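I opened this one up to see how its chains meet and how one of them is built. Here are my notes.

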Amino acid sequence: MNTNSNVYTVIYTTVVCVLVAAVLAFVSQTLKPKQEANEKAETISQILTAAQFGEKSEWAAKGNTAVLDFYKENIAEAIVINKAGEKVATLDTQSSEVYNVAKLKAQNYSIKDGSEVELPVYIFKNGVTVLPIYGAGLWGPVWGYVALQDDLKTIVGAYFDHESETPGLGGKIKDDPAFRAQFAGKSVDFADAKPFAIVKGGAPAGKTNAIDAITGATMTSNGLDQAINNWLNAYGSYLGGSSEHKCCGHCGEGHECCGECADCEKACDEPCEACQAADSTSTAE
Amino acid sequence: MGKMKETILNPIFKGNPITVLVLGICSSLAVTVGLKGACVMALSVIAVTGLSSLVCSLIRKTIPNRVRIIIQLVVVALMVILVDQLLKAFAYAIDKQLSVYIGLIITNCIVMGRIEAFALGNKPIPSLLDGLANGAGYGLILIVVAFFRELFGSGTLFGYPVLSAIGYTNNGLMILPPMALILLGCVIWIQRSIQKDLQEK
């Protein structure tokens with residue numbers, strides 16, 4: 001057969017392409033559930049590591065099922081909030097529904113252009129609240145989780161991941177436990193220009209909302225700093241620090257100001273009924 | 001049988017794809033920071049070179065000459081994506097660590113080079129062996145370089161503390177790609193001083 005004729009060449013290439021595409025489609029479909037389960041377990045193990053329920057490497061060794069089981073057992077609530085800090089949806093904790101990196105990326109666009117957001121909040125039974133962050137490092141995206149105590153100010157721990165930061169330099173945000181350990185015991189302070197700072201050359205002594213940057217990884221440190229601040233500000237209302245909603249945080253539209261906040265323009269002496277109700281329920285809980 | 005042995009042993013030392021043919025340098029600089037990553041990368045490349053050489057050899061008589069490169073590329077790409085998908089499903093942590101470099105095996109000159117130079121003119125079994133052996137030759141260098149880089153750069157081997165346990169201060173240069181190139185140069189130097197026929201006059 002003349003393998004150099006035009007007809008043969010066209011038919012041959014077409015058949016090869018179709019065959020290869022069929023094989024790939026089949027493999028992709030077959031492996032998809034497993035791959036998605038891996039991704040989910042990875043995300044959850046990062047959340048658990050941030051919340052100080054063990055180290056990332058330990059979770060990896062324990063396997064996906066152990067990670068999911070632990071999460072289901074210890075999570076109290078996973079909610080989605082909007083810009084105003086109001087709960088708009090619930091994530092199903094029993095099926096371990098979480099925001100994956102792609103979803104964080106989508107939210108990051110919304111945060112940047114100031115449009116409405118849907119941000120996840122993971123609240124554990126021991127009171128620890130975990131918030132994700134996402135931003136740009138030096139070579140690619142960086143993301144991670146910051147865990148706060150039930151006062152929503154004190155940081156319990158953090159975990160970060162990245163796509164392509166330089167191993168040994170920027171990669172330390174993930175690989176260096178000493179860098180992550182700095183977060184524990186620090187706090188988020190919305191009264192400051194930046195709620196949290198990663199400072200090149202070392203954080204000033206006594207400053208509770210700042211940590212040291214990584215030597216030799218200024219760009220990654222800056223990127224992470226920005227990612228943390230952008231996202232913390234986006235969570236500002238929920239965390240009770242945003243200037244837009246300084247009135248005690250319960251007052252949405254149509255409510256009177258509850259007067260808990262000195263900065264509030266509509267300062268009044270008594271909380272409104274709705275706020276009082278909200279206060280009493282939250283105290284009752 | 002002697003020829004078979006030659007096919008297998010030649011690419012591992014005397015005709016090593018990295019140190020003699022100087023192919024696949026890019027990825028050998030990128031994935032040799034740690035031994036674990038280097039080992040998985042080595043296995044992945046062995047699988048890809050072996051299987052794509054085998055498949056290309058099987059269909060070598062049917063490939064239209066004018067489009068043979070692109071057909072080879074399709075076969076190689078298929079194998080690489082299969083490896084990537086399998087790693088994502090069964091070795092997620094390693095796949096994350098190797099990230100884009102698995103996908104970049106497609107552009108690894110060793111794979112295409114061996115198909116062009118060997119698989120298209122030889123029977124399937126020798127082609128498979130040639131592919132596997134070339135992958136192994138590549139992997140060997142990767143592991144040698146990664147051994148030194150991880151040992152002196154992070155003080156660990158396979159993530160277990162070795163030098164760091166005895167108070168060694170990590171050498172940051174070891175972790176960066178330039179040091180991989182220097183180490184690779186040293187490996188080539190050692191090989192050429194043993195194998196005198198490789199030295200240019």
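**Where the chains touch**

I started with the contact between the chains: 20 residues of chain B are in contact with 24 residues of chain A (contact means C-beta atoms, placed from the backbone, within 7 Å). On the chain B side, the elements giving two or more residues are helix H4 (68–90), H5 and helix H9 (172–175). H4(B) gives the most, with eight residues. I then sorted that side by class and got 12 nonpolar, six polar and two charged residues (Ala, Val, Leu, Ile, Met, Phe, Trp, Tyr, Cys and Pro count as nonpolar, Asp, Glu, Lys and Arg as charged, and the others, Gly among them, as polar).

**Ground rules**

I noted that this is a predicted model, where local features need pLDDT of at least 70, side-chain atom pairs count only at pLDDT 80 or more, and totals for chains, interfaces and linings use all residues. Residues are numbered from 1 along each chain as its sequence is written, while chains are lettered from A and ligands numbered from 1 in the order in which they are written.

**Chain B as a whole**

I found 10 helices and two strands in chain B (DSSP runs numbered from the N terminus: H or I of at least four residues for helices, E of at least two for strands). Of its 201 residues, 41% count as buried.

**One residue**

I looked up Ala93(B), which lies in helix H5 (residues 92–98). Ala93(B) is partly exposed, with 17 other C-beta atoms within 10 Å (20 or more is buried, 12 or fewer exposed, in between partly exposed; C-beta atoms are placed from the backbone). Ala93(B) and Gly37(B) are 56 residues apart in sequence and 10.0 Å apart in space, C-alpha to C-alpha.

Notes. Contact = placed C-beta atoms within 7 Å.
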